[in-house]
Amino acid sequence: MAIVYLIKNRVTGQSYVGCTRTSLKARWKGHCIHRNASTPLHRAIREYGPAAFDLKVLFTGGIVQARAQEVKFIRDLKTHRSLGGYNGTWGGEKLYVFSAEVRAKMSKAHKGKVLSKRNIV
């Protein structure tokens, strides 16, 4: 299951469309934790603060459909940076579906590792 979401800056009206396999709350927390990154969205979070943004789920469904919907929403809502928004790409990438074998290998590689509080969402 995946969601496509909208982040809208209430001050400037600029928006960002993203896609995640986590909850919107967890993904927003990730954006806020990494606000020192140099992307347009993260610069805006630094400048205006997290409270200046509204969050909205646009689509919930399978990962393949979500990727397609992300591309559609970025285009339709004009959130690409070339159109005045925060998106740096036209969407549809970076949400990998790993096979059961690969997931098992990743799980085994991480067994016994201790996460810091910052890495736990």
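**Exercise 1. Find which elements cover the buried residues of helix H2.**

Solution. 
- H2 spans residues 40–48. Helices (H or I, at least four residues) and strands (E, at least two) are DSSP runs, numbered from the N terminus.
- List the buried positions. They are Pro40, Leu41, His42, Ala44 and Ile45. Buried means under 20% relative accessible area, exposed over 50%, and partly exposed in between (1.4 Å probe, protein chains only).
- Look at the cover. It includes strand S1 (2–9), strand S2 (15–20), helix H1 (24–33) and strand S3 (53–61).
- Check what follows H2. Glycine 49 comes next, with a positive phi near 85°.

Two notes on the model. It is predicted: local features need pLDDT of at least 70, side-chain atom pairs count only at pLDDT 80 or more, and totals for chains, interfaces and linings use all residues. Residues are numbered from 1 along each chain as its sequence is written, and side-chain values use heavy atoms, with hydrogens and water left out.

**Exercise 2. Describe the largest nonpolar core and state how many residues it has.**

Solution. 
- Apply the rule. A nonpolar core is a set of buried Ala, Val, Leu, Ile, Met, Phe, Trp, Tyr and Cys residues joined through side-chain atoms within 4.5 Å.
- Count. The largest core has 13 residues. Ile7, Tyr16, Trp28, Leu41, Phe53 and Tyr86 have the most contacts inside it.
- Assign elements. S1, H1 and H2 each supply at least two residues of this core.
- Separate the other core. Apart from the largest one lies another of nine residues, among them Val4, Cys19, Ile63 and Ile74.
- Leaving aside residues up to four places away in sequence, tryptophan 28 touches Ile7, Ile45, Pro50, Phe53 and Leu55. Contact means heavy atoms within 4.5 Å.

**Exercise 3. Count the salt bridges and trace the network.**

Solution. 
- State the rule. A salt bridge is a side-chain nitrogen of Lys or Arg within 4 Å of a carboxyl oxygen of Asp or Glu. The count comes to four.
- Take arginine 10 and aspartate 54. Their side chains meet at 2.7 Å, N to O. Arginine 10 is in the loop between S1 and S2, aspartate 54 is in strand S3, and the two are 44 residues apart. Arginine 10 is partly exposed at 47%, and aspartate 54 at 37%.
- Move to helix H3. Lysine 72 bridges aspartate 76 at 3.1 Å, N to O. Both lie in H3, four residues apart, about one turn of the helix.
- Recall the geometry. An α-helix has 3.6 residues a turn, so residues three or four places apart point the same way.
- Arginine 75 bridges aspartate 76 at 3.2 Å, N to O.
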